[in-house]
Amino acid sequence: MDNNFKCGFICIAGLANAGKSTLTNALVGEKVSIVSWRPQTTRNKLLGIINKDNYQMILIDTPGIHQVRNHLGEYMMKAVEVSLKDVDGVIYVIDAVKGLQKEDYEFLQKNAPKIPVVVVLNKEDAVTKETLFFSLNKLKDIEGLEAVIPMSAKKQDNIEPLLKELEKLIPLGPPMYPEDQYTDSSMRFIATEIIREKALYLLDKEIPYGIGVYINKFEEREDQEIVDIDADIICEKQSHKAIVIGKGGSMLKQIATRARKDLEEMIGCQVFLTLYVRVKDEWRDNDLVLRDLGYNIKDLKN
């Protein structure tokens, strides 16, 4: 192993819907985090692994910072807190369209003196130069920032300048993962995220954020390049169930078709996907249901 090889952890943080998941996928070059216009779509810490000739960078994509309203929200904010511990640096993503918010200032003023922070002013392509300059000028008041980089994660511009700044933050050391691995999340977990992404996108404003996905079966058939996946889409009300299913099952079929396409690209073989819709009242405040869906609050508290 090259004695100059570097390896380290970088946490990606920011307010809800700032573009953290899009940035994670752009940096890794693979889909490791779901993308949606809805805030608070990322619920678990997700590791994206960047492998270069001279370094390995492990990205932790966190839920968007927001006000806690239920046990799921508590889990999400605890995940952010845990992710900030023992990392080598932080990418803090700001939506350039909305500009710097009060919560942005509070986070940066609290953490920049303690942890190396690189600020990404995301969605620069959607604002005027004057608006961008105004945000850059306000960031000058915050001490301890390593760098501020305007960019569009969606268009993947300024990726290399950002990587160069992040490389400065990680220490010398051997890689922690094989060079062909881009996430530590299981295929089963990524499948739940892809199904949830398609549901959020297609349902648009019809369903609140109370959608979860549980995988009942994820099995590869013997001697055949076929994977069978059975999953439940969890919602909070009977009225939501009818919307998720759609007239004659039309909406559920659309969700399954789009999810199946992404799953087949990810897994590399044919996928038979079967979706069901289940109602669990107030599931976001039910710790037993949250644990079944993979959000174990007790694990984060320990």
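I began with pairing: two strands pair if DSSP finds at least two bridges between them. Helices (H or I, at least four residues) and strands (E, at least two) are DSSP runs, numbered from the N terminus. I kept in mind that this is a predicted model, in which local features need pLDDT of at least 70, side-chain atom pairs count only at pLDDT 80 or more, and totals for chains, interfaces and linings use all residues. Residues are numbered from 1 along each chain as its sequence is written, and side-chain values use heavy atoms, with hydrogens and water left out.

I found 3 strands in an open sheet of mixed pairing, ordered β7-β8-β9. Since β7 and β9 each have a single partner strand, they stand at the edges, so one side of each lacks a neighbour in the sheet.

I then followed the bridges: β7 (residues 212–220) pairs with β8 in the antiparallel sense over 8 bridges, and G212 has I234 of β8 as its bridge partner. On the other pairing, β8 and β9 (residues 270–279) run parallel and are joined by 10 bridges, with I229 opposite L273 of β9.

Strand β8 (residues 226–235) has 10 of its 10 residues buried, so it is largely enclosed by the rest of the structure. I checked both faces and found them covered, with I226 and D228 among the buried residues on one side and V227 and I229 among those on the other.

Conventions:
Buried < 20%, exposed > 50% of the residue type's maximum accessible area, 1.4 Å probe, protein only.
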